[in-house]
Amino acid sequence: MDSATSDARTPLGASADNGLKIVVVGGFGVGKTTLVRSVSEIRPLNTEETMTQAGESVDDIAHVGGKTATTVAFDFGRITLDAHNVLYLFGAPGQERFWFLWDRLFSGTLGAVVLVDTRRIDDSWYAIDRLEHHGTPFIVACNDFGGPVRAGDDVRAALDLDPDVPLIDCDARSRESAKKVLITLVRHVQTRYAEAAGVRGELV
């Protein structure tokens, strides 16, 4: 999927007080690079390389026939929330051979977005498993690939999501839709921390 945004970006301003790290994870070809590219206010850094025939033996491209490049390290973008808070976005590579990078990317992460292609639900399992292992708050965003829309309850059941994990639809090509995803995540993280603070208060 290609981003529909312009290459014109806001210049990188002075450092904010709080740099908040967000990771976008998911299976191969679900739109992670596209989401980071569409929402970043700076020209995003990416490590995409052209896909070759040699990779066909290790990467399942059955549902991503139009994909010609793939992330081999991570994508990086930035979006300013206000004068004091900035989100730094890291898009993780989706292929299994690069999963060893994920645990390092999760270090110091405020929260994560699990981007899902509902035609390939099983590709999301590893991302959810690792985030739960690290205790990292996350939301699930179902990217629009133009096919039949699966009901939210079906997706939640297929992924065995806890009831408190937000599940939303999105179009990774749309800046407004990508911003909605990030806002949903930030609100979820705020709720998680508020609940944790309340529990600690009760124990004091």
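## Charged pairs and ring pairs in a predicted model

The side chains of Arg120 and Asp117 meet in a salt bridge, with N and O 3.2 Å apart. Keep in mind as you look around that this is a predicted model. Where do these two partners sit, buried or exposed? Both Arg120 and Asp117 are buried.

Arg120 has another partner to look at. Asp123 also forms a salt bridge with Arg120, and here the closest N and O atoms are 3.0 Å apart. Arg120 has a relative accessible area of 10%, and because buried means under 20%, it counts as buried. Asp123, in contrast, is partly exposed, at 33% relative accessibility.

How many salt bridges does the structure hold? There are six. Side chains of opposite charge can pair when their charged atoms come close.

| Salt bridge | N to O distance |
|---|---|
| Arg120 and Asp117 | 3.2 Å |
| Asp123 and Arg120 | 3.0 Å |
| Lys179 and Glu176 | 3.8 Å |

Now find helix H5, which covers residues 175-203. Lys179 and Glu176 are three residues apart in this helix, so about one helical turn separates them. Lys179 is partly exposed, with a relative accessible area of 27%. Glu176 reaches 55% relative accessibility, so it counts as exposed, the cut-off being over 50%. Elsewhere, salt bridges that share partners join Asp117, Arg119, Arg120 and Asp123 into one network.

Let us turn to the aromatic rings. The count comes to two aromatic pairs. A pair of aromatic rings is described by the distance of the centres and the angle of the planes. For Phe76 and Tyr88, the ring centres are 6.0 Å apart and the planes lie at 15°.

Phe76 belongs to strand S4 (residues 75-80) and Tyr88 to strand S5 (residues 85-91), so the pair ties together parts that are twelve residues apart in sequence. Tyr88 is partly exposed, with a relative accessible area of 25%. Together with Phe90, Phe76 and Tyr88 form one aromatic cluster.

Charges and rings also meet in this model. Lys21 lies over the face of Phe90, at 5.1 Å from the ring centre. Likewise, the charged end of Arg119 sits over the ring of Phe145, 4.8 Å from its centre.

Note on methods. Residues are numbered from 1 along each chain as its sequence is written. This is a predicted model: local features need pLDDT of at least 70, side-chain atom pairs count only at pLDDT 80 or more; totals for chains, interfaces and linings use all residues. Side-chain values use heavy atoms; hydrogens and water are left out. A salt bridge is a side-chain nitrogen of Lys or Arg within 4 Å of a carboxyl oxygen of Asp or Glu. Buried means under 20% relative accessible area, exposed over 50%, partly exposed in between (1.4 Å probe, protein chains only). Helices (H or I, at least four residues) and strands (E, at least two) are DSSP runs, numbered from the N terminus. Rings of Phe, Tyr and Trp (its six-membered ring) pair if their centres lie within 6.5 Å; planes under 30 degrees apart count as stacked, over 60 as edge-to-face and the rest as tilted. A charge sits over a ring if NZ of Lys or CZ of Arg is within 6 Å of the ring centre and within 35 degrees of the ring normal.
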